[in-house]
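Me: Could you help me learn to read a protein structure? I'd like to go feature by feature.

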Amino acid sequence: METRQRLPRMTDIVDKSTRSRMMSGIKSKDTQPEMRVRRFLHAKGFRYRLHVRELHGTPDICLPKYQTVIFVQGCFWHRHKGCRLSYTPASNVKMWQAKFKQNIQRDRTNTRALIKEGWRVIVLWECGLRKSGESQLAWLPSEIQYGNSKLVEWPCETQEK
Ligand SMILES: [Zn+2]
């Protein structure tokens, strides 16, 4: 009998189109959390480019004037540290861990390369962007304009969610 590796059951986690995008390695674009950030920045007068393929990791939002890029990351796929959305499914544990490891490494490589090229990188995790209303992003404009950290992650595991 032919032995086949069982495919992970992702149906309960993501919808079909998201699933096929993920498995083919294509990043999801224009997600609701991402749209929330875009609308917020636009309303604040920021001008940006979207999904810039010439940059490492195709950042979701690029603000050339501030040499800053923003990634809006899904907590599950990109492994938000300490986040409850960043769980590991009970079946096919090894396969998931390998996949997650790959994602983490790819993100790290991209971040390093961007910083090396002079970009500041802001990572916004989806769990912070679930609520409607934009008050949770009130810190962002001044971070873009005046911040000097090369890498900012929000929310980070030490913050309350
Ligand atoms: Zn999270």
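Reply: Let's start with pairing: six bridges join strand S3 (residues 68-73) to S4, and the two run parallel. Strands here are DSSP runs of E, at least two residues, and helices are runs of H or I, at least four, numbered from the N terminus. Two strands pair if DSSP finds at least two bridges between them. This is a predicted model: local features need pLDDT of at least 70, side-chain atom pairs count only at pLDDT 80 or more, and totals for chains, interfaces and linings use all residues. Residues are numbered from 1 along each chain as its sequence is written.

Me: Which strand does S4 join through four bridges?

Reply: That's S5 (residues 151-154), also running parallel to S4. Ile122 has Val152 as its bridge partner in S5, while Val72 has Leu124 as its partner in S4.

Me: Is S4 mostly covered or uncovered?

Reply: Covered: five of the six residues in S4 (residues 120-125) are buried. Buried means 20 or more other C-beta atoms within 10 Å of a residue's own, exposed means 12 or fewer, and partly exposed is in between, with C-beta atoms placed from the backbone.

Me: Which residues of helix H2 are buried?

Reply: First, the general idea: an α-helix has 3.6 residues a turn, so residues three or four places apart point the same way. In H2, the buried ones are Glu34, Arg36, Val37 and Leu41. They cover an arc of only 160° around the axis (taken from the directions from the helix axis to the C-beta atoms), which puts them on the same side of H2. The face turned away carries exposed Gln32, Met35, Arg39, His42 and Ala43.
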